[in-house]
Amino acid sequence: MRYERLAAVTLTCLAATGCGERSTATKEPSPTPAASAASARDVHSYSNPAEVRVRRVDLDWDVLFDKKILRGSAALSLERPAGGRATSLVLDTRDLTIEKVESSPDGAAWAVASFSLGPSDPILGSALTIRVPENATQVRIAYETSPKASGLQWLEPPQTAGRKDPFLFTQSQAIHARSWIPLQDSPQVRFTYRARVRTPKNLVAVMSAGNDPEAPRDGDYGFEMPQPIPSYLVALAVGDIGFAPISPRAGVWAEPSVVDRAAREFSDLESMLRAAEELFGKYRWERYDVLVLPPSFPFGGMENPRLTFATPTILAGDKSLVALVAHELAHSWAGNLVTNATWRDFWLNEGFTVYLERRIIERVYGVRRAGMEAVLGLQDLEKEMAGLPEKDQILHVDLGGRDPDDGFTDVPYEKGALFLRHLEEVFGRQRFDRFLRGYFDHFAFRSITTEDFVQYLRANLLDESPGLAGKVPVDEWIEKAGLPATAPRPKSDALAPVEAAAAGWREGKIRAADLPAQDWSTHEWLHFLRALAPALPKEKLAELDTAFRLTDAGNSEIANQWLLLAIASGYDPAYPRLERFLTSMGRRKFLKPLYEELVKTPEGKTRALAIYRKARATYHPIAVATVDKIVGWSG
Ligand SMILES: [Zn+2]
């Protein structure tokens with residue numbers, strides 16, 4: 001996902017012609033679920049996949065908007081390692097009410113199984129331990145979710161674009177799948193799934209699986225996901241949503257009033273897919289669609305396979321923020337195809353994805369734009385790393401005792417991408433691209449640890465050229481804080497004139513009206529505004545605002561950067577917009593820095609609390625947890 005940046009952040013595919021079976025007809029999954037490279041110890045799961053492993057999941061739910069719960073069952077098909085005779089299956093749950101558990105040797109004859117639910121840990125939830133006979137190959141759990149399930153967000157009609165119907169969407173990464181499905185909620189366990197979902201008749205359900213735009217709107221939907229995925233990629237959304245095709249294998253789902261605008265914004269989806277395939281190998285998930293969610297989605301995007309979930313805040317009208325879609329698409333290789341085995345290996349998902357994202361942008365939109373994005377990325381990293389303890393500046397981060405949602409920063413994203421860029425620079429692009437393709441092929445549909453990656457890197461790149469390998473301090477990159485002295489420093493010729501303009505205007509040598517900004521892209525504007533940070537005299541902001549109407553900027557990234565500057569400078573004409581911005585979307589990338597900037601002064605803190613009091617109920621639980629801490633929320 002854009003587990004976003006600038007924040008303790010969080011994480012995020014689609015379909016093609018004749019995609020997915022919406023029927024519930026029996027069909028064998030195509031690729032065989034591959035074993036993970038190893039059973040790495042996952043401190044964020046109670047489960048015991050080394051003894052018995054879930055291989056397939058059959059889900060059946062009623063979506064009850066009035067009670068804000070899912071009620072139904074999950075049937076899990078089990079596999080034991082050769083010779084294994086495990087009689088205890090341990091699953092992860094959080095706030096689930098378990099009604100009944102059964103086991104079966106063949107999926108036909110079911111017998112009641114005994115189970116126990118362990119104490120509830122604030123981070124991990126409760127272990128569900130099920131006694132199963134040695135010959136049991138399936139377990140079926142009847143259960144319902146809690147209205148406060150951390151992975152489900154239930155929106156009231158006013159929180160949607162259409163304002164007529166409620167909306168439900170899920171966010172499973174990192175460890176929220178357990179709040180809506182009893183599972184081995186560890187990224188090293190991969191399974192295929194099928195689902196049957198019953199909804200109010202006028203609404204549509206979509207999942208990270210085959211979605212059929214032609215399915216009748218009858219409140220009864222069937223899904224099949226034939227490729228094995230980890231639990232954090234199971235996703236569901238229900239609402240008044242429609243579809244617009246972009247190419248035979250790509251399209252957009254969104255509320256009816258948003259769908260055409262989204263299709264225009266994402267009209268380069270097919271070009272991005274082709275660019276990615278030319279670089280990294282075949283796209284293995286059949287379809288790629290994007291679901292644009294209502295504005296309370298806490299992330300930029302979440303790479304749910306076949307159906308990326310995305311924030312509407314990237315609909316800028318000029319495609320300037322579509323890097324986020326390139327990012328989620330890149331996850332179809334990095335993350336979804338080759339997956340981090342535990343959350344401390346998260347940089348394998350995100351560092352690779354940011355690197356791939358920039359390569360896709362370079363191909364589709366050119367070197368100039370990719371270069372600017374790399375510079376802005378480095379700025380984000382340096383700014384954030386300066387405030388992080390050393391232990392959190394490490395790619396192979398220790399998350400023991402911590403919620404993975406709190407541990408994520410720009411480090412796995414931007415530092416991870418810089419590491420790969422360093423390898424590219426030392427070994428040459430052609431050779432590194434060959435290595436990458438080999439890596440994705442070798443580990444396809446597997447979950448791997450940092451150690452697995454290093455071993456593969458040594459065998460397939462470093463050991464072939466010891467002279468070149470000596471230039472890349474692999475251990476320092478992965479296990480040490482900060483950046484190695486030889487780390488790449490992305491530069492952009494396009495941004496140098498912007499810096500000069502910022503300095504000239506700041507010093508009063510140029511008037512705002514004379515700034516060469518008419519042709520500036522979003523990236524140039526962001527760079528300009530960042531160069532003015534942290535604060536300016538109010539009159540200076542007023543001059544800029546008069547010339548460029550920044551308080552009214554429709555582009556969410558520019559608005560965010562401007563509002564940060566406005567808060568720090570005490571520029572009160574921007575405050576009504578600040579309140580509208582903070583009460584109209586719930587993207588944590590924007591909420592976190594803005595609230596943080598506000599609480600730096602007593603007046604700002606009062607303003608933050610007044611705005612948050614209105615906005616809190618409209619934010620996602622993940623965003624609420626973040627902002628509660630910033631403003632010191634006590635109800
Ligand atoms: Zn990501």
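**Surface and overall form.** I began with the accessible surface of the protein chain, which comes to about 22,800 Å², with 51% of it belonging to carbon and sulfur atoms. I note at the outset that this is a predicted model. I then looked up burial, and found that 63% of the 635 residues of the protein chain count as buried. For the charges, I compared the mean positions of the 77 positive and the 83 negative ones, and these lie 1 Å apart.

**Fold content.** I counted 19 helices and 21 strands in the protein chain. The radius of gyration is 24 Å, close to the 26 Å that the globule rule gives for 635 residues, so I record the chain as being as compact as a globular protein of that length. Along the principal axes, the C-alpha atoms fill a box of roughly 85 × 65 × 45 Å.

I followed helix α4 over residues 346-365, where its 20 residues reach 28 Å from the first C-alpha to the last, close to the 28 Å expected at 1.5 Å a residue. I found α4 mostly covered, with 16 of its 20 residues buried, and just after this helix Gly366 takes a positive phi of about 105 degrees. Helix α8, residues 429-442, has 14 residues and spans 20 Å between its end C-alpha atoms, close to the 20 Å expected at 1.5 Å a residue. When I checked burial in α8, I found Arg431 and Asp433 buried, and also Phe432, Phe435, Leu436, Tyr439 and Phe440.

**A hairpin.** I next looked at strand β15 (residues 242-247) and strand β16 (residues 250-254), which pair in the antiparallel sense over 5 bridges. These two strands form a hairpin with 2 residues between them, and I noted Gly251 in β16 as the bridge partner of Pro245.

**Backbone points in loops.** I looked up two cis peptide bonds. One joins Gln173 and Ala174, with omega about 0 degrees, and Ala174 lies in the loop between β10 (167-170) and β11 (190-198). Another joins Ala533 and Pro534, again with omega about 0 degrees, and Pro534 lies in the loop between α13 (522-532) and α14 (538-548).

I also checked positive phi values. Glu286, although not a glycine, has a positive phi of about 70 degrees; this residue sits in the loop between α2 (269-280) and β17 (288-292), and at 39% relative accessibility Glu286 counts as partly exposed. Arg549 is likewise not a glycine and has a positive phi of about 50 degrees; Arg549 lies in the loop between α14 and α15 (556-569), and counts as exposed because its relative accessibility is 57%, where the cut-off is over 50%.

How values were computed. Residues numbered from 1 in each chain as written. Predicted model: local features only at pLDDT ≥ 70, side-chain atom pairs only at ≥ 80, totals over all residues. Heavy atoms only, no water. Helix = DSSP H or I, 4+ residues; strand = E, 2+ residues; numbered from the N terminus. Rg over C-alpha atoms; globule rule 2.2 N^0.38 Å. Buried < 20%, exposed > 50% of the residue type's maximum accessible area, 1.4 Å probe, protein only. Areas by Shrake-Rupley, 256 points an atom, 1.4 Å probe, with all protein chains shown as cover. Lys, Arg positive; Asp, Glu negative; His and termini not counted. Charge placed at Lys NZ, Arg CZ, Asp CG, Glu CD. Expected span 1.5 Å × (residues − 1). Pairing = 2+ DSSP bridges.
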